[in-house]
Amino acid sequence: MTSPSSSASADSAPSLDPRADIVELTAAIVDIESVSGNEMTLADAVEQALRTHAPHLTVLRDGDTVIARTDLGREERVVLAGHLDTVPVAGNLPSSRRVREGREELVGRGSCDMKGGVAMLLAVAVEATDPTRDLTFLFYDHEEVAAADNSLTRIARTHPEHLRGDFAILGEPTSAGVEGGCKGTMKLEVTAHGTAAHSARDWVGDNAIHHLAPVLQRLDAYEARRAVIDGLEYRECLNAVAITGGIAGNVIPDRASLTLNYRFAPDTSPARAEAHVRELLEGCDVDIVVTDSAAGALPGLDTPAARAFLAALGDGVGVAAKQGWTDVARFAELGTPAVNFGPGDPLLAHTDDEHVPFEDLRAALDGLRRWLEPSPSAR
């Protein structure tokens, strides 16, 4: 981890003004391309902005993760985290603006997932000079790839103190509502074997692709579980997401594979999830290997910090289950209850038409402000 002194690369980074209007700030962040593995420029810009505009924070750099924190001796510490990376660009950079059905929207890769959330956290980091709680901000890299590559995996191992707190907020898109917990996720390779042969003499061979048919039939007929936990419904999903096999149009393939993705409710462990998939495919002539796995997180909305957060947001805030996987699971594993809260519709994440409404950006920022800096009479 670097020292609190500014890095050379940050000195030449694109300029971000955290005090600008939240829409302008989000657009500036979106316009810095940061597909997973290419987050350095955006991390430099965030670091420079914090060092320039937030002298009340101690700023540290760990690879392409920027950490900023207060040490005011408050009774509670809250961790606020947002990932800097996006999935690959789909022709939607630089950002643009539009009005659709009377609603103003910012369009561009990452605007929803989750550079709008990053902008919200960066603005609060600069504004909250006297917060009611001590704050740790994490702007981190490699969230959109395998869990092992996520920088929070490294930080949890080398500097777990930066992930510890009484409560954590992930700036994931939630349409400025609150989404509790998250589902676990698992990827599995299901491989069938056969015997290669010329396709004109198929009786000599054994077609591996055909051996995958029973697997696909079971997946097609699969009825996913719906788990209700603390009043929130998590819908499980088990799908084939990729298939490979064959080397030429005149060769019977001797190997074929399916990639499966299982999204399981947070009351299920990865071990139980793997056992469930193996039980479902029992009797199919295939090999099954887990290639990536991450546990989910229970809602955690019954903790005092979560209740205080919901109260600050007001009675009209929506509360739902997070249907994807997010890093709330990492905080839950360390004993820190966490929720997802940020601008943007999660259904738009990773889509070609990714966008965030102006009203979401403003509502999410205002909600976080109310919680961290209540009026003097509420202190």
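How many disulfides does the count come to? I began my notebook with that one, keeping in mind that this is a predicted model.

**Entry 1: cysteines**

I looked for sulfur pairs within 2.5 Å, and the count comes to zero disulfides. I then checked C112, which is in no disulfide: the nearest cysteine sulfur belongs to C182 and lies 17 Å away. Is C112 buried or exposed? I found C112 buried, at a relative accessible area of 0%.

**Entry 2: a helix pair**

My second look-up was how two helices pack. Such a pair is described by the angle between the axes and the distance between them, so I wanted both values. For α3 (residues 40–53) and α4 (residues 111–127), the axes come within 10 Å and cross at roughly 20°. Angles under 35 degrees count as roughly parallel, and therefore α3 is roughly parallel to α4. The crossing of α3 past α4 is right-handed.

Which residues make the contact? On the α3 side I listed L42, V46, L50 and H53, and on the α4 side K115, L122, A125 and V126. Sorting the residues of this contact by type, I got six nonpolar, one polar and one charged.

How values were computed:
Residues are numbered from 1 along each chain as its sequence is written. This is a predicted model: local features need pLDDT of at least 70, side-chain atom pairs count only at pLDDT 80 or more; totals for chains, interfaces and linings use all residues. Side-chain values use heavy atoms; hydrogens and water are left out. Buried means under 20% relative accessible area, exposed over 50%, partly exposed in between (1.4 Å probe, protein chains only). Axes are lines fitted to C-alpha atoms, for helices over the stretch in contact, and angles run from 0 to 180 degrees between N-to-C directions. Helices (H or I, at least four residues) and strands (E, at least two) are DSSP runs, numbered from the N terminus. Angles under 35 degrees count as roughly parallel, over 145 as roughly antiparallel, 65 to 115 as roughly perpendicular and the rest as oblique. A crossing is left-handed if the near helix is turned anticlockwise from the far one by less than a right angle, and right-handed if clockwise. Contact means heavy atoms within 4.5 Å. Ala, Val, Leu, Ile, Met, Phe, Trp, Tyr, Cys and Pro count as nonpolar, Asp, Glu, Lys and Arg as charged, and the others, Gly among them, as polar.
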